[in-house]
Amino acid sequence: MDPSSSGGKLLGFRQIAQEKLQHVFYSIPSEKDLIIEPSLIKPLEHVCGASWLRKKGIDKIFKFDPKNPPPKRKQFVYFIASNLLTFKSVLDQISGYQSQTSSLMEPDIRNKQYHVLVLPSVLASFEHLLEEEGLHGIVELYNFQWDFLLLDESLLSLELPNVFADVFVRKDTTPLGSIAQSIRIFNLIMGKPHLVFSLGENAEKILQMVQRMEANRRTVVTGKEGPNRPEQPGDKEPEYAAMLILDRDRDYPACLLTPVVYCGLLLEIQTLNSGSLVVDGDSNKIKAGRLAFLQQTHQQPPPPKQEATSLRMSGAQDMIYLEHRYRHFSEVISLLSSQAKTLGLEGKAYSREMKLHEMKDYVTNKLPKVAAAKKELFKHLRLCETIVEEIGANFEKHQMIEESILTNTNRKQIMNYILELLSSDAHQYNTLRLICLYHVTIGLTGEDMTKLMTGYLNAFGYRHLSLFHNLFQARLFPDTTNLSKTKILAQISIPTLKTPFQIEANKLKQLPTVSNDSVPTATAGAAGSRTDRTEVTSGGNVGKSCPSYVFNGNYIPLITQLTHMIFAASSFDNLNTRLGHLERLKVSGRVLEQGHLHGGSIDALIAPKTIKELSASSHKAALNQLFPFKEKTMFIFIVGGITYAEIAACHLLERTIGAKIVLSSDRIIAGHDLIESVVNC
């Protein structure tokens with residue numbers, strides 16, 4: 001695969017999104033004003049700019065504010081996310097405009113004045129609400145989905161809000177249809193991969209939807225031959241040999257653990273919106289989630305207010321970020337300090353002894369570049385300062401506790417640490433995150449569950465009682481309705497050396513602190529641009545050569561280890577030996593469909609099968625021909641959000657084994673964001 005051609009095709013998603021948006025705007029005659037939901041502004045910037053919108057007939061652009069509607073001058077196009085409450089606010093605003101017009105004038109339904117563009121799709125409840133509000137025939141609804149947005153090199157995002165809360169907590173699978181549609185578009189552009197792996201119930205549903213869409217498409221175009229025949233996913237050689245789709249709940253530790261890489265820690269303290277990070281010295285995630293009365297104990301004069309700016313987490317737009325994004329945070333501070341000193345010396349390079357043309361060249365060319373570099377460096381220094389202030393004091397102890405949780409040691413110390421946090425430094429999301437990590441990896445007994453629930457509710461109020469049911473729905477907490485049964489089981493003292501999580505993680509070699517054999521190694525400098533790499537502070541002998549360095553040597557993300565094992569398999573039988581025990585890991589793809597194509601359509605949908613089932617099937621010979629992969633190219637999608645720790649680990653693996661890995665999800669998140677979405681569900 002040619003990397004440059006692949007990168008160009010990834011940029012093609014932007015052009016497709018523009019074509020979709022242009023089609024909607026051209027279907028609305030004459031000039032119009034755009035009213036956009038604030039949270040959608042940043043993602044839309046990846047699709048088009050203000051000048052592009054004006055060329056398509058948009059006159060003025062307003063932020064949507066339910067309380068302050070803009071003046072009605074001409075047609076309005078609202079752009080909102082698929083949320084019923086937001087849609088109700090839009091209809092209330094439109095009703096207000098309608099009441100201002102003369103009641104004697106009948107609305108002209110042929111030229112509707114109000115158009116609502118919904119991301120990613122219009123819900124059936126929207127149509128019902130439209131009729132209830134008496135606005136049917138006055139308001140026109142449109143579906144719009146921008147598919148994948150390229151946020152950074154080999155990093156795509158659908159930027160769909162609330163997917164984790166909807167799918168994993170509320171059990172509402174509506175967003176899966178939109179994800180499936182985007183995966184289908186991906187297959188059309190890139191070609192359908194030879195092998196598609198899915199791990200998780202929702203991942204399997206998405207692939208089944210994609211399969212139905214492609215089958216229906218083939219049925220429609222059956223009999224069309226020649227140049228007018230629409231292109232199909234199976235018509236071209238795929239850019240990516242394999243695809244992996246994974247549910248977020250298949251690997252919670254990769255989201256709940258605290259990362260040590262710079263890009264991961266940035267999301268621990270500030271909010272990310274479509275690749276743009278807020279840089280604000282006055283507020284951050286840690287301050288916002290901490291109990292107010294605990295913050296008032298430090299009576300200090302407030303620092304001078306600093307202007308909030310934004311930082312683009314893209315290597316193409318920020319060279320400082322590109323150089324340091326995957327480094328251990330302990331290295332970043334010293335390297336940024338060195339850069340600051342170097343820039344200071346460059347800024348003092350001006351001398352009165354310079355000749356006139358040298359002064360002119362310095363002021364015109366050198367000085368603006370130095371000033372711009374200082375401005376960008378100042379953002380990173382502010383963020384590093386916030387990380388040290390908010391996380392640094394307790395960081396080493398917290399890392400030690402997380403290691404104990406993963407290895408199932410020092411249970412009493414873990415419980416005491418969490419209870420101490422609840423009583424002295426309670427954080428609404430991060431303390432709960434540690435509790436969830438404890439349950440996912442070790443499992444909470446009835447007694448421990450009662451203590452932790454009581455401590456949390458005493459700290460934050462009993463209005464959060466329903467929160468624990470939401471956590472149970474997402475498999476992050478035990479079933480609180482079965483408390484009596486849990487207490488009885490807890491009284492039976494059965495010593496367990498290894499939990500189910502540890503048994504599974506050890507089979508996949510995800511815990512280097514327990515066993516570091518078969519962990520991929522890299523040459524010096526594989527994790528970054530420098531060659532003088534140092535070992536991490538804990539995690540045995542595991543250093544920057546292992547993807548576990550993103551969690552201080554304690555844990556390798558599941559997607560990284562699955563990708564490594566798939567690429568390292570010498571044959572399909574060898575893959576069966578490595579991953580055959582994973583009953584939920586299903587396999588599909590074009591190699592399994594080739595024998596079932598008849599006249600351009602699939603007679604029956606081929607259900608994804610486990611690796612064990614395929615090793616005993618007629619497909620085994622065709623599958624063995626694929627291994628080992630000639631081109632190690634993989635497309636990965638995580639349903640429910642991906643973290644920067646997983647991204648960093650996969651990019652290290654990419655450099656180590658000479659692969660090309662593209663990562664994507666509905667959102668980029670941190671553990672804080674995952675828990676917050678459950679709390680606010």
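A charge is taken to sit over a ring if NZ of Lys or CZ of Arg is within 6 Å of the ring centre and within 35 degrees of the ring normal.

**View 1. A lysine charge over a phenylalanine ring in the predicted model.** The charged end of K72 is placed over the ring of F76, at 5.6 Å from the centre of that ring.

**View 2. The aromatic pair F164 and F168 in helix α6.** The model, which is predicted, contains 26 aromatic pairs. One of them joins F164 to F168, whose rings are stacked, with 5.1 Å from centre to centre and 25 degrees between the planes. Both residues belong to helix α6 (residues 163-169), where they are four residues apart, or about one turn of the helix, and both are buried.

**View 3. An aromatic cluster of F13, F148, F186, Y240, F635 and F637.** These residues, drawn from separate parts of the numbering, form one aromatic cluster.

**View 4. An open sheet of eight strands with mixed pairing.** The strands follow the order β6-β7-β18-β17-β9-β8-β13-β16. Because β6 (149-152) and β16 (609-610) stand at the edges and each has a single partner strand, one side of each is left without a neighbour in the sheet.

**View 5. Strands β9 and β17 with the helices that pack on the sheet.** Strand β9 (residues 242-247) runs parallel to strand β17 (residues 633-639), to which six bridges join it, and D247 stands opposite V639 in β17. Helix α7 (residues 174-190) packs on the sheet and touches β9 and β17, its direction making about 170 degrees with that of β17. Helix α23 (residues 558-568) also packs on the sheet, touching β8 (195-199), β9, β17 and β18 (660-665), and its direction makes about 150 degrees with that of β17.

Note on methods
Residues are numbered from 1 along each chain as its sequence is written. This is a predicted model: local features need pLDDT of at least 70, side-chain atom pairs count only at pLDDT 80 or more; totals for chains, interfaces and linings use all residues. Side-chain values use heavy atoms; hydrogens and water are left out. Rings of Phe, Tyr and Trp (its six-membered ring) pair if their centres lie within 6.5 Å; planes under 30 degrees apart count as stacked, over 60 as edge-to-face and the rest as tilted. Helices (H or I, at least four residues) and strands (E, at least two) are DSSP runs, numbered from the N terminus. Buried means under 20% relative accessible area, exposed over 50%, partly exposed in between (1.4 Å probe, protein chains only). Two strands pair if DSSP finds at least two bridges between them. Contact means heavy atoms within 4.5 Å. Axes are lines fitted to C-alpha atoms, for helices over the stretch in contact, and angles run from 0 to 180 degrees between N-to-C directions.
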